[in-house]
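Here are my notes on the charged pairs in this one. Have a look at the model first, then read on.

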Amino acid sequence: MNIKRFIVALGIALTATSISAYAQKAYTSGVVTMTTEMRGQPATIKAYFTPDSAALTFQAGPAAIKILTNAAKTYMAVVVDVSAFSVKKAAIANPDEIDQAKAALPKFTFAPTTETKQISGFNCKKVVATDAKDKKTYDIWVTNDITLPASLMSDLYAGAGGVPIQYTSFNQGQSAPVTVTGVTDEKAPAGTFAIAADFDKITMDDLKAMSGGN
C-alpha cells in the first residue's frame, strides 16, 4: 500500500465543495459523486455527508479507503481495509497535522467571469481563482443550483460564489482536477461515518511507516 494513492482524496477532503446562499435545492444529507485522478489514473470518489460529518470512500487497488472528517474540519481519519491481507487500520490525524495541512493550502482570491456552461447537469459559471502565495490562477466552475451542508464546506472555495462543480484539489504539494458528476439524497450505509471496533487505531506517522515513508 502506498500513501500516495490517497493523497488526492485527502486533498479533496480538505478542499471539498463550499455552499452558496442562492440555491434552488438544499441538500442536508446525501452523497456527492466525483471523478478525479490518482497517480495519473482516473478514479471515482463518493462523498457521503450529513450536517455534521463527511466520509469520502474509494478503492485503491485491493484497499477500500474511507476518509472521515467533521463539519469544523477539526477531525480527520484515514480508514484502510485490505480484506485480502487482513489489514484493518484507522489513522487519526492530530490537531497539529490538520493545522499544517490547512496552512499548506492555497489562499485564493476570486474573480467572477461572464462565461457559463452546463457540467453534469448543473448550470455553472466560471470563476478565476488566484493563489496569493504564488499568483497561479485556476479556473473554477461553480453552480447556484444547489447548496450543501457545512460538512462539505471549505474555507478554500468559500468565496467562489457557489458550489464548485469543477475545481482543483490540493494536498501535500500535489494537485488534481475534480469534477462533481452527481449529487443525490441517497442515505449512507450504516456505519459509514464511524470506525468499526475491529480496526486498529494508529497515527498518521504509523500509516506512513506502513507505506515505506512515502
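Which residue forms a salt bridge with D198, and how many Å apart are the closest N and O atoms?

1. The partner is K88, with the closest N and O atoms 2.7 Å apart. (A salt bridge here is a side-chain nitrogen of Lys or Arg within 4 Å of a carboxyl oxygen of Asp or Glu.) The two sit 110 residues apart: D198 is in the loop between strand 13 (174–184) and strand 14 (200–203), and K88 is in strand 7 (residues 87–92). Strands are DSSP runs of E, at least two residues, numbered from the N terminus.

2. A word on the source: this is a predicted model, where local features need pLDDT of at least 70, side-chain atom pairs count only at pLDDT 80 or more, and totals for chains, interfaces and linings use all residues. Residues are numbered from 1 along each chain as its sequence is written, and side-chain values use heavy atoms, leaving out hydrogens and water.

3. D200 and K89 also meet in a salt bridge, at 3.2 Å from N to O. That pair joins strand 14 to strand 7, 111 residues apart.

4. K126 pairs with D139 at 3.8 Å. K126 lies in strand 9 (residues 122–131) and D139 in strand 10 (residues 137–143), so this bridge ties together parts 13 residues apart in sequence. E115 joins K126 and D139 in a network of salt bridges.

5. How exposed are they? K126 is buried at 13% relative accessibility, while D139 is partly exposed at 44%. (Buried means under 20% relative accessible area, exposed over 50%, partly exposed in between, with a 1.4 Å probe and protein chains only.)

Methods
Helix = DSSP H or I, 4+ residues; strand = E, 2+ residues; numbered from the N terminus.
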